[in-house]
Amino acid sequence: MPFKKSRNPAKYRNRVTFQKKEKVKDKEGNTVTEWVDQFTVWASIKGLRGRELIDAGAQAVKISTRIYIRYRPSVTHDMRIKFGSRIFDIVNVNNIEERNIEYEILANEVNLNG
């Protein structure tokens, strides 16, 4: 199958890392659950001016950010995205037009300061 080009490769200008919760051993040998880096890709991050309301099935979901990446089948809804010191929880992953070219990820930025 030939490589499918994205619509505009120049738009991906941010390096982001996808993380997933995994059970790991801490320094004392105890099993703990931590966020572990899975892969790093180029992305386009678009913050929304106001919180946008998305109709997600039976409930409406507020999102703060849209993140676009090239299609990658290993992206799952139980991951989060790290961009520098910023963290985004994934709300929805949309395979645009079901063409396996690009994902539109709807996300909320996590406020780590409480």
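A word on terms before the strands: two strands pair if DSSP finds at least two bridges between them, and strands themselves are DSSP runs of E of at least two residues, helices runs of H or I of at least four, numbered from the N terminus. What you are looking at is a predicted model, in which local features need pLDDT of at least 70 and side-chain atom pairs count only at pLDDT 80 or more, while totals for chains, interfaces and linings use all residues. Residues are numbered from 1 along each chain as its sequence is written, and side-chain values use heavy atoms, with hydrogens and water left out.

The overall layout, then. There are zero helices and six strands in the chain, so to speak a plain β-β-β-β-β-β order from the N terminus on. The accessible surface, by the Shrake-Rupley method with a 1.4 Å probe and, for residues, with only the protein chains shown as cover, is about 7,800 Å². Carbon and sulfur atoms account for 46% of that surface. Of the 114 residues, 34% count as buried; buried means under 20% relative accessible area, exposed over 50%, and partly exposed in between, with a 1.4 Å probe and protein chains only. As for contacts, meaning heavy atoms within 4.5 Å, take those between residues at least 6 apart in sequence: 51% of them join residues at least 24 apart.

β5, residues 86-95, and β6 run antiparallel, joined by eight bridges. Ile90, for one, has Ala107 in β6 as its bridge partner. β6 covers residues 102-110, and seven of its nine residues are buried. The two strands make a hairpin with six residues between them.

At 55% relative accessibility, Glu97 counts as exposed. The loop between β5 and β6 also holds Asn100, whose phi is near 55°, again a positive value in a residue other than glycine. Asn100 counts as partly exposed, at 34% relative accessibility.

While we are on β6, look at Asn108, which is found in that strand. Asn108 counts as buried because its relative accessibility is 18%. A polar atom of its side chain lies 3.1 Å from the backbone nitrogen of Ser64.

Next, the interior. A nonpolar core here is a set of buried Ala, Val, Leu, Ile, Met, Phe, Trp, Tyr and Cys residues joined through side-chain atoms within 4.5 Å. The largest such core has 17 residues, and those touching the most other members are Phe18, Ile67, Ile69, Ile81 and Ile105. Two or more residues each come from β1 (14-25), β2 (31-56), β3 (59-70), β4 (79-83), β5 and β6. β2 gives the largest share, four residues. Leaving out residues up to four places away in sequence, Ile81 touches Val16, Thr17, Phe18, Ile67, Arg86, Ile87, Phe88, Ile90 and Ile105.

On to the rings. Rings of Phe, Tyr and Trp (its six-membered ring) pair if their centres lie within 6.5 Å; planes under 30 degrees apart count as stacked, over 60 as edge-to-face and the rest as tilted. How many aromatic pairs does the structure hold? Two. Phe18 and Phe39 are stacked, 4.9 Å centre to centre with 20° between the planes. Phe18 lies in β1 and Phe39 in β2, so this pair ties together parts 21 residues apart in sequence. Both of these phenylalanines are buried. Tyr71 and Tyr103 form a tilted pair, at 5.2 Å centre to centre and 45° between the planes. Since Tyr71 lies in the loop between β3 and β4 and Tyr103 in β6, that pair ties together parts 32 residues apart. Tyr71 counts as partly exposed at 29% relative accessibility, whereas Tyr103 is buried at 8%.

Last, Thr17, which lies in β1. Is Thr17 buried or exposed? Buried, at 14% relative accessibility.

Definitions and conventions:
Polar contact = N/O pair within 3.5 Å; in protein donor to acceptor, adjacent residues only side chain to side chain.
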